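Open the structure in your viewer and keep the selection panel at hand. The stops below go from the whole chain to single side chains.

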Amino acid sequence: MKKTFLLLGIVAMALGNMTSCSNILEEEGTIPASAKTGTLTVALEADNGIDVSTKTDVVTVPSDLTSKMKVTATKTGESTEITSLQYKEISSSSYIYSSTLAPGSYSVTALYDETNNAVLIWDSPIFKGTTTSDVTVEKGKEAEATIEATLQNSQIVVDNSAYTEFCQLATVSELYVYNGTTVPTTEEGKYSLLNNNALETKTLYVAAGQSDVYINIKGQLSSGGQTFEVEKSICSGDEEKTEAAKKYTVKYSLSTENGSMKITININGYITVKEIKVDVNPYEEDNATNE
């Protein structure tokens with residue numbers, strides 16, 4: 001099941017049904033500026049799910065999406081001339097963006113990205129989509145286009161049920177995600193998934209295309225008191241880099257596959273005396289000497 005934002009683009013003539021008046025003005029040699037443009041209106045419909053291996057979870061739509069979603073129309077062949085569509089209104093299911101444009105073909109892109117290129121960031125999904133084909137703005141005609149603005153980064157979460165069971169057998173002192181080739185030596189660079197010994201309620205997002213993203217857990221077993229530290233790459237199997245629109249769910253459990261052996265060695269310093277008797281015959285010795 002593919003989950004997306006849907007952008008429905010509608011191109012309308014600025015003068016509506018006043019095409020006859022426009023013709024009269026053209027005959028008289030006076031053409032107002034509004035008669036030379038069309039209106040491009042884009043409605044953003046939120047369908048904010050992400051596909052997970054066994055179920056579909058929902059990504060929370062950012063509250064500032066209406067003001068910070070950038071919807072741009074680029075005229076074909078003039079990539080440097082980008083017109084930003086302004087937020088207009090919101091309906092029951094759509095975010096409306098609109099702008100007047102000169103006739104021509106346009107590529108329309110929608111982007112919400114407040115991460116500033118951060119690899120790891122809290123509560124900040126990225127949505128992006130572009131028209132699969134150009135949208136043509138014509139005087140007196142109406143055109144429609146659809147954009148699928150999909151999630152571009154992914155989530156890293158710890159399974160709450162598995163973690164609760166794990167904590168019945170161990171005490172966790174640290175649980176964090178980091179990016180890089182070495183473990184951070186300070187708290188800077190560590191994105192802790194714990195908050196007052198409970199799992200963090202905020203959601204950690206990771207950029208796509210990253211190979212050095214790890215999750216680290218440290219703690220002590222309740223039985224025996226042994227300490228442990230386990231590090232795991234977010235990427236697993238054949239996946240070499242993080243991908244978009246995924247939910248990396250980490251489940252912790254204690255291994256019970258192997259048993260243990262306990263050997264006690266006691267040092268016993270006692271010795272047993274063993275007598276060795278040797279008979280000596282002095283005459284045999286003398287005879288041996290006399291010979």
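**Whole chain.** Start with everything selected; this is a predicted model. The protein has 291 residues, and 34% of them count as buried. Switch to a cartoon view to find four helices and 21 strands. Among contacts between residues at least 6 apart in sequence, 69% join residues at least 24 apart.

**Confidence.** Colour by pLDDT. The average is 78, and 74% of the residues score at least 70. Now select residues 1–34, where pLDDT is below 50, although the model gives this stretch 87 contacts beyond near neighbours in sequence. Next select residues 51–55, where pLDDT also stays under 50. This second stretch has eight contacts beyond four places in sequence. Where pLDDT is low, the predicted coordinates should not be read in detail.

**An aromatic pair.** The whole structure holds five aromatic pairs. Select Phe166 and Tyr252, a tilted pair with ring centres 6.0 Å apart and 45 degrees between the planes. Phe166 belongs to helix α3 and Tyr252 to the loop between β21 and α4, so the pair ties together parts 86 residues apart in sequence. Are these two residues buried or exposed? Both Phe166 and Tyr252 are buried.

**Charges over rings.** Select Lys190 and Tyr176. Lys190 lies over the face of Tyr176, at 4.6 Å from the ring centre. Finish with Lys202 and Trp122: the charged end of Lys202 sits over the ring of Trp122, 4.7 Å from its centre.

Methods: Residues are numbered from 1 along each chain as its sequence is written. This is a predicted model: local features need pLDDT of at least 70, side-chain atom pairs count only at pLDDT 80 or more; totals for chains, interfaces and linings use all residues. Side-chain values use heavy atoms; hydrogens and water are left out. pLDDT is the predictor's confidence in each residue, from 0 to 100. Contact means heavy atoms within 4.5 Å. Helices (H or I, at least four residues) and strands (E, at least two) are DSSP runs, numbered from the N terminus. Buried means under 20% relative accessible area, exposed over 50%, partly exposed in between (1.4 Å probe, protein chains only). Rings of Phe, Tyr and Trp (its six-membered ring) pair if their centres lie within 6.5 Å; planes under 30 degrees apart count as stacked, over 60 as edge-to-face and the rest as tilted. A charge sits over a ring if NZ of Lys or CZ of Arg is within 6 Å of the ring centre and within 35 degrees of the ring normal.
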